[in-house]
Amino acid sequence: MNGRRRRPGDTRPEAGTPGTTRPAGSAPDPTRPGAAEPGRAPATRRYPRPTKEQLAAAADLLLPDLIAPGLDVLFVGINPGLWSAATGWHFARPGNRFWPALHRGGFTPRQLHPSEQDELPGLGLGITNMVARASARADELTAEELVEGARELTTKVARYRPRWVAVVGVTAYRIGFARPKASFGPQPEPLAAARLWVLPNPSGLNAHFTPETLGAAFGELRAAVTG
């Protein structure tokens with residue numbers, strides 16, 4: 001990972017503190033979805049799309065983790081897409097179904113926009129990736145990168161000690177952890193001290209799962225976490 005570029009201007013704290021820097025008692029930030037009217041669902045809002053040049057420049061950027069000690073669930077993506085690296089938001093590409101599945105599964109009280117990702121640690125949730133570098137497609141990663149990413153993830157989990165780790169993508173899990181017969185759901189072996197679960201990849205390219213079946217898969221994990 002040495003020598004790879006972080007997103008320009010990234011100052012997000014790694015652990016424990018919400019992502020907002022607005023002082024307590026100050027006026028809501030009108031650019032933040034729903035901030036002007038606390039307690040209400042966010043208004044529909046258009047977000048600027050990264051340009052082709054911005055997406056091309058995002059290749060190999062590192063997207064910071066959204067992590068804190070003692071989370072209930074640490075979700076593990078395969079690696080950031082170019083859209084996520086360009087915006088700084090996990091699972092940011094339109095058509096990715098992570099955020100709808102998170103809500104359908106009962107993890108969030110409403111569907112969050114990727115720009116609201118800093119609300120997750122307050123709900124006991126975090127996001128990291130098996131491989132840190134961004135690419136246009138997950139299949140651009142090598143098996144060696146996934147194996148090394150699995151080792152780094154194990155170290156990270158031992159450090160932050162989440163209760164559960166949910167890897168979002170069974171193929172990446174099979175390769176990275178040398179579990180060629182692994183299937184979805186709970187895994188027999190822990191990861192460090194955390195219980196381990198494998199979820200379907202929420203990418204819009206994964207046609208084997210609908211929004212409804214993805215939500216149900218996330219709901220099974222939610223039931224295990226709360227049960």
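This is a predicted model: local features need pLDDT of at least 70, side-chain atom pairs count only at pLDDT 80 or more; totals for chains, interfaces and linings use all residues.

Reader: Which pattern does the protein follow when read along the sequence?
Author: Helices (H or I, at least four residues) and strands (E, at least two) are DSSP runs, numbered from the N terminus. By that count there are six helices and seven strands. Along the sequence they come out as β-α-β-β-α-α-β-α-β-α-β-β-α.

Reader: What percentage of the residues of the protein count as buried?
Author: Buried means under 20% relative accessible area, exposed means over 50%, and partly exposed is in between, using a 1.4 Å probe and protein chains only. Of the 227 residues, the buried share is 44%.

Reader: Let's take α4. How far apart are its end C-alpha atoms?
Author: The expected span of a helix is 1.5 Å times one less than its number of residues. For the 18 residues of α4 that should give 26 Å, and the model agrees, with the end C-alpha atoms 25 Å apart.

Reader: And how wide an arc do the buried residues of α4 cover?
Author: The buried residues here are Glu145, Leu146, Gly149, Ala150, Leu153, Val157 and Tyr160. The arc is that of the directions from the helix axis to the C-beta atoms. These residues sit on the same side of α4, because their arc is only 135 degrees.

Reader: What separates the C-alpha atoms of Leu153 and Val131?
Author: Leu153 belongs to helix α4 (residues 143–160) and is buried, with a relative accessible area of 1%. Val131 is 22 residues away along the chain, and the distance between the two C-alpha atoms is 8.9 Å.

Reader: On to α6. Which exposed residues does the face turned away from its buried side carry?
Author: The buried set of α6 is Leu214, Gly215, Ala217, Phe218, Leu221 and Val225. They cover an arc of only 160 degrees around the axis, so they share the same side of α6. The face turned away from them carries the exposed Glu220 and Thr226.

Reader: Phe75 and Phe218 form an aromatic pair; is it stacked or edge-to-face?
Author: Rings of Phe, Tyr and Trp (its six-membered ring) pair if their centres lie within 6.5 Å, with planes under 30 degrees apart counted as stacked, over 60 as edge-to-face and the rest as tilted. That rule gives nine aromatic pairs. In this one, the rings are 6.0 Å centre to centre with 15 degrees between the planes, so by the cut-offs the pair is stacked.

Reader: What about Phe184 and Phe209: which of the two counts as buried?
Author: They form an edge-to-face pair, 5.4 Å centre to centre with 85 degrees between the planes. Phe184 lies in the loop between α5 and β6 (185–186) and Phe209 in the loop between β7 (195–199) and α6, so the pair ties together parts 25 residues apart in sequence. Phe184 is partly exposed at 38% relative accessible area. At 18%, the buried one is Phe209.

Reader: Last one: which element gives the largest share of the lining of the largest pocket?
Author: A pocket is an open set of points on a 1 Å grid over the protein atoms alone, where a 1.4 Å probe fits, with protein on both sides within 12 Å along at least five of seven lines; lining residues have an atom within 4 Å of a point. The largest pocket is lined by 40 residues, with Ile78, Arg137, Ala138, Asn201 and Ser203 nearest its centre. The elements giving two or more residues to that lining are α2 (82–87) and α5 (170–176). With four residues, the largest share comes from α5.

How values were computed: Residues are numbered from 1 along each chain as its sequence is written. Side-chain values use heavy atoms; hydrogens and water are left out.
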